[in-house]
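User: Please take a close look at how the strands pair in this model, and then at the loops and cores. Give the cut-off for each term where you use it.

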Amino acid sequence: MSASYTATFSPSSGTTWTIGDIVATAPIATETDVGTVQSFLGSGSTFALTTSYDSTNLTGTLSWGGGHAGVSTGGSSLTLNLSYNLSIPSGGNAISYLSELVLTDTTTGSYNLTATETVKDLAGNTVASLVWSSTNQSPFVALPQAYGSLSVSVTVQASIASGQSGSVVFSSIQQSFYETPVTPAPAITVDKQISIDGVHWYDVGQGTNNAPPVLIGDKVYERAIVTDTGNTALSGVNVTDLNGLPSGSFTFSGATSVSMIAGQTIASDIGTVIAGSGTNYDTATATGTVTTGGTVTNTDTAAYTGVKPAITIDKQ
């Protein structure tokens, strides 16, 4: 017999926890049980998420505890998956270390208890991969660099092989993240792109300037790709367009400005213009307000060439 449960650990109000200046999204937990299982998420479970922050050491901690979960008979198993995201919107600090994954467990007999953790950056690259061990005493793991945003997934598995006897119980899961103050280095880039069909885009790459031919009077599609290339968040990010869109600026899901976190890339809505004759240069300028003060800006130019087909014949 097997059962599956899914739960979202949400704050009493809102959708995120603020732990010092670390923001944690509501973690989602999914559990699959086989056989005789004391469920983590199922009926009668008292597990709950708690958070804490050590302002002296700039450490945020998430802990699931308050109950017991495990398996007690041969052929039983419990698999628990947790996932959540972390970010530091202020940009003043960044996450540079994390603790070893901590499980509080009580086990006897012939059993198997494992826990693995994967931490990824905003682009989806794995920056840490941990395997829990009851004998692992390492206090923390250094990340390749300091990050303003991370996604975390944890898998815990408890089982007893068929024909074996034992008891596997864990009563809490805990993870801590350590911040490092960083010197703000705000930056932004914009890549202006042109298309003649709305599917294939030219000027794919910052600073590249290709000028595709377009029939005069036909529609030209334009968009801007903006990236927060610094280590701080940006607000009020907008992109003006000189000699391009009739409105003079790009929108993002209909909005004239957006907020971005460090490392984030966003694409504008697609706008259109009517092709004029000759080579037409359009310049996009992206501007963002830095959370620590001031603004950053960047420009990129794309072009198209308006052409008029013609033919001559000389009958002699």
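Analyst: Two strands count as paired if DSSP finds at least two bridges between them. Strands are DSSP runs of E with at least two residues, numbered from the N terminus, while helices are runs of H or I with at least four. The model is predicted, so local features need pLDDT of at least 70 and side-chain atom pairs count only at pLDDT 80 or more, whereas totals for chains, interfaces and linings use all residues. Residues are numbered from 1 along each chain as its sequence is written, and side-chain values use heavy atoms, with hydrogens and water left out.

Strand β25 (residues 295–307) has a parallel partner in β18 (residues 213–215), through 3 bridges. Within that pairing, Pro213 faces Thr305 of β25. Strand β25 also pairs with β24 (residues 278–290), this time antiparallel and through 12 bridges. Here Gly278 has Gly306 of β25 as its bridge partner. The two strands form a hairpin with 4 residues between them, and Gly293 has a positive phi near 115° in this hairpin.

Most residues other than glycine have a negative phi. Asn243 sits in the loop between β20 (234–242) and β21 (258–260). Because its relative accessibility is 59%, Asn243 is exposed (over 50% relative accessible area, with buried under 20% and partly exposed in between; 1.4 Å probe, protein chains only). Leu58 is another non-glycine residue with positive phi, near 50°, and its place is the loop between β6 (48–54) and β7.

Ser76 is buried, because its relative accessible area is 2%. Its side chain makes a polar contact with that of Thr73 at 2.9 Å; such a contact is a pair of N or O atoms within 3.5 Å, and within protein one must be able to donate a hydrogen and the other to accept it, residues adjacent in sequence counting only if both atoms are side-chain atoms. Leaving aside residues up to four places away in sequence, Ser76 touches Val34, Gly35, Thr36, Val71, Ala158, Ser159 and Ile160, with contact meaning heavy atoms within 4.5 Å.

Last, the cores. A nonpolar core is a set of buried Ala, Val, Leu, Ile, Met, Phe, Trp, Tyr and Cys residues joined through side-chain atoms within 4.5 Å. The largest has 44 residues, of which Phe40 and Ile173 touch the most other members. Apart from it lies another core of 24 residues, including Val237, Leu245, Ala275 and Tyr304.
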